[in-house]
Amino acid sequence: MNRAEIFKLDNKSLLKLINQKYDVKLQSLKDQESLSQMWLIVTSLLKKGWRIDIQAYEKKIKVDGILLNQGRPMTVFAQYGTLPEFDTVVEGICRLALIIAEET
């Protein structure tokens, strides 16, 4: 699955895939309900050497993953000139984590 397909996933499909790939039990993409389970995904990415950059503003949320590759930072989104905006931090982490799982 490529990143365009991951961005087209509806919430139900996204939750199903992320729960399977990361062995978590996310029930929704709402931050108030799922931040603790989502942090398990972040922890697994950190253990693989990823740094997770979360920018939360009042009306927008941006998430990116950064990995040092031979001393040079490689990002999931910023290297292409823009960061996508998400409705929640949980959604951003889920889509980021699926892209990382599929592309690395």
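Select helix 2, residues 11-22, in this predicted model. Helices here are DSSP runs of H or I with at least four residues, strands are E runs of at least two, and both are numbered from the N terminus. Helix 2 has 12 residues and should span 16 Å at 1.5 Å a residue, and its end C-alpha atoms are 16 Å apart, so the two agree. The expected span is 1.5 Å times one less than the number of residues.

Residues are numbered from 1 along each chain as its sequence is written. Local features need pLDDT of at least 70 and side-chain atom pairs pLDDT 80 or more, while totals for chains, interfaces and linings use all residues; side-chain values use heavy atoms, without hydrogens and water.

Next, select Leu14, Leu15, Ile18, Asn19 and Tyr22, which are buried (under 20% relative accessible area; exposed is over 50%, partly exposed in between, with a 1.4 Å probe and protein chains only). They lie on the same side of helix 2 because they cover an arc of only 125° around the axis, taken from the directions from the axis to the C-beta atoms. Helix 3 and helix 4 are among what covers them. On the face turned away, select the exposed Lys12, Lys16 and Gln20.

Now the ends. Aspartate 10 caps the N-terminal end of helix 2, with a side-chain oxygen 3.1 Å from the backbone nitrogen of lysine 12. After helix 2 comes aspartate 23, with a positive phi near 50°.

Finally, select isoleucine 52. Leaving aside residues up to four places away in sequence, its contacts (heavy atoms within 4.5 Å) include Val42, Leu45, Val63 and Ile93.

Notes
A polar contact is a pair of N or O atoms within 3.5 Å; within protein, one must be able to donate a hydrogen and the other to accept it, and residues adjacent in sequence count only if both atoms are side-chain atoms.
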